[in-house]
Amino acid sequence: MFVQEEKIFAGKVLRLRVCTMEGAEWLEEVPEDTTVEKLKERCLKHCVPGSLEDPKTVTHHKLIHATSEKVLTDTKTVLEENIQDRDVLLLIKKRAPPPLPKMADVSAEEKRKQEQKAPDKDAILKATANLPSRNVDRTVAHHNMRDFQTELRKILVSLIEVAQKLLALNPDAVELFKKANAMLDEDEEDRVDEIALRQLTEMGFPESRAVKALRLNHMSVTQAMEWLIEHADDPAVDAPLPGQTPSEAPAEAGASSAEATAGPSSEAAGEEAKDELTEIFKKIRRKREFRPDPRAVIALMEMGFDEKEVVDALRVNNNQQNAACEWLLGDRKPSPEDLDKGIDTNSPLFQAILENPVVQLGLTNPKTLLAFEDMLENPLNSTQWMNDPETGPVMLQISRIFQTLNRT
C-alpha cells in the first residue's frame, strides 16, 4: 500500500475557533506547522469569498490570539506562536493609514506655524521704531538697592543697642541669654557629618584634611574626595580655612573660673549680673561674627587680592563672590566701617520704628536680639527670621515703616 510522505510526517492537527468583528464564527483544522499567513488566507477564503483575488487583502488583515491579545506574525508557524488546540483567534481588518496631506494643506500648516512664531529682533525693532526712547539708568537702580541694604544694617545696629539696654532691666535676662548662648553652641555651620568624615578617614585621608575638604565642599563626600586627591601634594593643604579664628574656649573658661573664685558680695550683686549679661552679649556677638565663604575667599585670593580685603569684600556683599569682585575692582563703597554705624537716633525713620507697639514688644524678647545679630552678619538668613512666629511680626513692621517713609 502506497502512503504519501507528507502524511507520514504530518504534524499535529489543531482545531481553532476563528471569530470576526461582524460576528461570524467557525472552526479551522490546521496542522501545527502551518504558517500564520496560510491560516489567514484560509480564514479569508471562508468568510469573504473571492477576497483572495486582491493580493493586498491578506496584508490588510491580521490574526489576534484572544487570550494573550497578541498579534500573530505572518512568517511564523502556529506551533512557534504557541497556539494550542481549541484556542480562539480574531480576524480583524487593519486600520487604514491616514492619507498623506495635500500640498495646499501643507502650505496652510506652514503658514499657521509662521504666524504663531515669536518675532525676531528685526521685527521687534521695526514695530517699535516710532516709540519714544527711554534710557533707564541701571547704576542708579543698583545704587538705590545698595542704599536699602546699608540703611537696613544701620537700623539693626541701632535696634541692637536699644534691645540690650531694655533686656538688661529684665531680672530673668541672664538665664534667658544663657539658654540662647547654649543654643548657639550647636550652630549647624560648625558641624561635620560624622558618616561622611568616617568614609573619608577609612579611605586613608587624615581627619583634619577630611574635615577641611567636607567644609569646603558642603559635606559632599564625592567632591571632598576629589578635592583631597587634587590637593594631595599642595604644601598649604593643612592650612586653616581663611576667615577661621582660634577657639576662644580657654579664655572663656578662665573668665568663668575667675568669676567662680571671686565670691559675690551682697552689695555688688546687681553689678555682677549686669557684667555677666554684658559678657553673654559679647559671646553671642563673637559666635555670630561674619563667616566668609571659604571657596569664594580662595577664588578671590587666587586673583591676587589680600585675604583681609577679600573678607571685607564678602562681608560688604553678603558672601556674593561676583559682587565682592566688583567691589574690590571698584570704589569699595560702602566701606566695612560703614556697616558698623547705626542710624541717626533722631531721624524720623528710627523714631517711627521705636514708636511701633509690635517693635516695642519685640525688643523685650531675647530672641529678637539674636535675630538682629544674626541678620546683621548673615543677611541671607533674613528669610528664616521673617518666617519665625516671634521675630517675623517685628521684621514685617520694620520693613513696612521703611518702605512707607522711603516713598515719601
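Begin by displaying the strands: an open sheet of five strands has the order E2-E1-E5-E3-E4, and its pairing is mixed. Strands (E, at least two residues) and helices (H or I, at least four residues) are DSSP runs, numbered from the N terminus. Two strands pair if DSSP finds at least two bridges between them. E2 and E4 stand at the edges with a single partner strand each, so one side of each has no neighbour in the sheet.

Next, select helix H2, residues 36-47, which packs on the sheet and touches E1, E2, E3 and E5. Contact here means heavy atoms within 4.5 Å. The direction of H2 makes about 145° with that of E2. For such angles, axes are lines fitted to C-alpha atoms, for helices over the stretch in contact, and the angles run from 0 to 180 degrees between N-to-C directions.

Before continuing, note that this is a predicted model: local features need pLDDT of at least 70, side-chain atom pairs count only at pLDDT 80 or more, and totals for chains, interfaces and linings use all residues. Residues are numbered from 1 along each chain as its sequence is written, and side-chain values use heavy atoms, with hydrogens and water left out.

Now select residues 13-20 (E1) and 25-31 (E2), which pair in the antiparallel sense over seven bridges. Leu-14 has Val-30 of E2 as its bridge partner. Four residues lie between the strands of this hairpin, and among them Gly-23 takes a positive phi near 105°.

Which strand is joined to E1 by four bridges? It is E5, residues 88-93, and the two run parallel. For an example, select His-65 together with Leu-89, its bridge partner in E5.

Finally, turn to the loops. Most residues other than glycine have a negative phi. Select Glu-69, in the loop between E3 (61-65) and E4 (70-71); this residue is not a glycine, yet its phi is positive, at about 60°. Is Glu-69 buried or exposed? Glu-69 is exposed, with a relative accessible area of 66%. Buried means under 20% relative accessible area, exposed over 50%, and partly exposed in between (1.4 Å probe, protein chains only).

The last stop is Arg-86, in the loop between E4 and E5. Its phi is also positive, near 75°, in a residue other than glycine. Arg-86 counts as exposed, at 53% relative accessibility.
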